[in-house]
Amino acid sequence: MNPHPAPALERAHDDETYYLNMGPQHPSMHGVLRLLLRLRGELILECDPVIGYAHRAHEKMAENRSWIQFLPNTSRIDYLSGMIYNLGYCQAVEKMASIEVPVRAQAIRVIVSELNRIQSHLLWFGTFLLDIGGITPFLYCFDDREKILSILERVTGSRLTYSYGRFGGVSQDIDDVFIEQTRSFLTRMRKQAPMYHQLVHENVIFRKRCEGVGVISREVAHDYGITGPTLRAIGVDYDVRRAEPYSGYEQYDFEIPTRTGGDCLARFEVRIEEMEQSCRIIEQALDALPDGPVKPAKFIKKLKPPAGEFYFAVESARGHFGMHMVSDGGDVPSKIKLRTPSFSLLSSMSEVLEGTMVADTIAILGSVDVVLPEIDR
Amino acid sequence: MSSLDLSNLELGSEEAEYSSVGFHYIHRAQAGRIVAVAEAFREAGYHLEMLTAEDRRTDLEAMRLVYTFSRLDQLDRHMVTVDLAPEIPGAQAPSLAGIYPAANWYEREVFDMYGIRFDGHPDLRRILLPDDVEFHALLKDFGRIEDAPDEGAANK
Amino acid sequence: MSYLGSIFSGFKTLLTGLGITGKEIGGKSVTELYPHVEPELPEAFRSVIQLVRFEESGSHDCVACMQCVKICPSTCITIEGGKIEGIKGKRASEFEIDFALCSLCGLCIDTCPTDTLEWANIYDDAGQEREWVYDLLKPHEAFEEQYLTTRRAIEAKEAAEKAAKKAAVAKAKAEKAASEAASQEASPEKSDTTSEADS
């Protein structure tokens with residue numbers, strides 16, 4: 001069944017325009033995204049992103065499972081920030097139901113979340129360069145990423161979809177080997193980061209493909225509700241960890257890197273610097289790791305939260321991830337809305353991609369770091 | 001940019017405790033006034049953070065729309081709810097796509113999942129579900145797990 | 001001139017990148033030669049779920065309380081259980097998990113009141129058919145008879161001890177009551193005179 005193109009694309013066109021389907025099966029589409037393009041040669045006249053190929057009905061599942069049963073789903077919404085989403089959900093339910101979290105669990109949450117963020121940015125770095133033609137750094141990044149995944153596998157048991165958080169803490173404590181491995185990873189990452197920078201930053205091909213390409217203006221960002229590294233590359237230093245601190249982030253000293261260019265190069269530089277800032281946070285959290293329990297004495301599986309509407313947010317690797325939760329006082333949520341950052345980013349692409357070339361489309365989509373599963377949920 | 005002026009908009013406003021619920025104010029608006037409310041927020045520099053709907057036909061006799069407006073430079077979150085007629089099809093609200101382009105895709109998702117129509121939306125069609133299905137997935141009377149054929153032990 | 005200059009400087013940046021690549025080529029290979037080399041599994045590794053074989057009792061400790069069945073988000077656990085003659089409490093007679101549905105979340109392990117569920121350490125498990133239902137009681141079948149016999153013996157002994165203790169307590173109580181009654185009979189006038197003096 002062929003979904004008819006959007007009415008906007010049905011306007012009368014001259015003989016030199018044609019429709020091109022980019023995706024949903026495409027090696028550079030960052031998931032199953034379909035871009036319906038109206039082209040004149042290489043120039044994009046109109047662009048209509050078509051999504052829904054990865055829709056797994058997470059919001060419907062949330063209404064059919066109890067609060068604790070929805071926990072494994074949260075890692076799979078955006079599997080590259082699976083830990084951040086998992087712990088963000090736990091923290092939201094804890095705030096709603098007024099459950100206290102011990103300080104050691106909060107510090108552990110910060111450490112594993114920042115490791116998750118570095119891992120996501122490393123994957124983004126490798127695939128972004130792969131998209132624009134630089135095939136080499138991909139496996140270097142994956143080698144570093146393997147170190148993170150081994151560290152996280154030690155404590156949680158999984159590499160990608162962790163169900164590590166529990167209401168009131170985390171499911172398992174970390175040990176000395178974890179701390180030692182994390183510290184040696186930080187040393188390694190600090191040696192690798194200049195290498196990545198040197199490898200591509202001055203490269204003439206990289207510069208020509210990224211500098212000045214895909215400029216997102218401040219008005220467009222405000223109109224579409226864009227957050228995350230894309231917004232910070234325009235000069236707005238908005239970060240949920242600073243604006244609405246959670247899990248003890250207010251006690252760590254870190255900077256929010258910004259650039260003013262708003263183009264692909266600026267987004268690239270912001271993410272490289274964010275990796276270094278995450279290393280700083282992990283180091284401070286390890287140095288100040290308090291003692292104590294990491295979860296409540298009794299496993300919390302039934303909740304009686306107050307009835308009403310709630311909204312809590314965390315900073316994922318892609319931006320502001322918000323959860324709007326409606327509770328009717330019972331053990332099953334009435335509704336959970338997942339406000340994911342990539343949804344807003346992709347909705348702005350129809351405006352940003354107009355007037356660019358097809359090759360620039362790949363660079364722009366790669367640099368804004370869209371992950372389709374969190375758009376389709 | 002002016003400061004936020006929500007008078008004369010027939011809003012029932014309440015202050016909320018941020019540390020327990022996550023927002024600072026909750027306003028109840030009429031469907032006919034939501035465009036003016038959005039314009040007031042836009043004038044004051046807020047962006048549309050989220051737009052969703054709830055199926056409250058059983059307990060509140062309404063289909064409810066929920067908007068969240070927020071700021072980037074300081075922490076100030078306003079939640080606005082609009083109650084519509086409890087009929088699908090039938091429930092409809094004015095579209096905010098002309099004021100906040102972000103609302104374009106959010107309203108398409110609400111239409112797809114709940115069947116609420118938005119007047120003035122430039123391109124109201126389904127976004128997540130296939131184009132030719134006839135159900136609206138997040139309505140409470142569609143697709144409950146109890147109605148699914150039973151495989152394995154029941155756990156409800 | 002600036003056109004040629006930019007070509008030259010651009011080419012130089014390409015050489016920088018190639019230099020780094022050349023250095024990495026000469027470095028150590030990081031490939032793990034799986035399956036010729038077995039991977040190192042951490043302790044917390046998540047594989048399929050299995051029943052623990054406790055050392056003391058020699059078998060598992062599932063009491064068919066259905067907590068794991070109720071908490072599983074994927075409804076993949078099937079348990080049948082009941083009372084077995086001579087043993088206190090229930091015991092599972094059928095325990096199946098459908099691993100085609102299981103998402104390895106671990107909520108069943110966290111909620112089990114007798115801690116009888118745990119992660120296995122199988123990293124190379126693969127299903128060859130669509131059906132992937134595991135019978136968790138199969139590995140424990142060999143030990144079940146032994147366990148039941150031992151358990152019955154232990155419980156019978158405990159029951160006997162308890163009965164003996166109860167009998168001893170009852171006997172002591174009866175003796176005390178008998179001696180009190182005897183002392184009451186021995187001095188009835190003493191109590192009568194005191195009561196007369198008071199009134």
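A salt bridge here means a side-chain nitrogen of Lys or Arg within 4 Å of a carboxyl oxygen of Asp or Glu. B:R77 and A:E244 form one, with their closest N and O atoms 2.8 Å apart. Keep in mind that this is a predicted model, where local features need pLDDT of at least 70 and side-chain atom pairs count only at pLDDT 80 or more, while totals for chains, interfaces and linings use all residues. Residues are numbered from 1 along each chain as its sequence is written, chains are lettered from A and ligands numbered from 1 in the order in which they are written, and side-chain values use heavy atoms, with hydrogens and water left out.

Let's stay with the place where chain A meets chain B. The count between chain A and chain B is 7 salt bridges. The rule also finds 21 residue pairs in polar contact across this interface, both residues at pLDDT 80 or more. A polar contact is a pair of N or O atoms within 3.5 Å; within protein, one must be able to donate a hydrogen and the other to accept it, and residues adjacent in sequence count only if both atoms are side-chain atoms. Elements of chain A that each supply at least two residues to the side touching chain B include strand 6 (308–316), strand 7 (319–327) and helix 12 (341–352). Helices (H or I, at least four residues) and strands (E, at least two) are DSSP runs, numbered from the N terminus. By residue type, the chain A side divides into 19 nonpolar, 11 polar and 14 charged.

How much area do chain A and chain B bury between them? The answer is about 4,000 Å², with 54% of it on carbon and sulfur atoms. Buried area is the accessible area (1.4 Å probe) that two parts lose on being put together, summed over both. On the chain A side, A:H222, A:E309 and A:Y311 lose the most area to chain B, together 16% of what that side buries. In terms of contact (heavy atoms within 4.5 Å), 44 residues come from chain A and 51 residues from chain B.

Now look inside chain A. An automatic or database assignment supplies the domain bounds, and chain A is divided into domain 1 (7–50) and domain 2 (58–376). Taken over C-alpha atoms, the centres of these two domains of chain A are separated by 30 Å. Their contact takes 18 residues from domain 1 and 19 residues from domain 2. The two domains bury about 1,500 Å² between them, and carbon and sulfur atoms give 69% of that. A:H30, A:E42 and A:I44 supply 39% of the area that domain 1 buries against domain 2, more than any other three residues. Salt bridges between the two domains of chain A number 0, while 3 residue pairs are in polar contact, both at pLDDT 80 or more. On the domain 1 side, strand 2 (34–40) and strand 3 (43–50) of chain A are the elements giving two or more residues. Strand 3 of chain A gives the most, with 6 residues. The residues on that side of domain 1 divide into 12 nonpolar, 4 polar and 2 charged.

Chain B has 3 helices and 7 strands, following the pattern β-α-β-α-β-β-β-β-α-β along the sequence. Of its 156 residues, 54% count as buried, where buried means under 20% relative accessible area, exposed over 50%, and partly exposed in between (1.4 Å probe, protein chains only). One residue worth a look is B:S95, in the loop between strand 6 (92–94) and helix 3 (103–114) of chain B. B:S95 counts as buried because its relative accessibility is 11%. The side chain of B:S95 makes a polar contact with the side chain of B:E107 at 2.7 Å. A polar atom of the B:S95 side chain also lies 3.0 Å from the backbone nitrogen of B:A97.

Finally, turn to chain C. C:C76 sits in the loop between helix 2 (67–71) and strand 2 (77–83) of chain C, and is buried, with a relative accessible area of 5%. Not counting residues up to four places away in sequence, C:C76 touches C:E96, C:I97, C:D98, C:L101 and C:C102.

Conventions:
Nonpolar A, V, L, I, M, F, W, Y, C, P; charged D, E, K, R; others polar.
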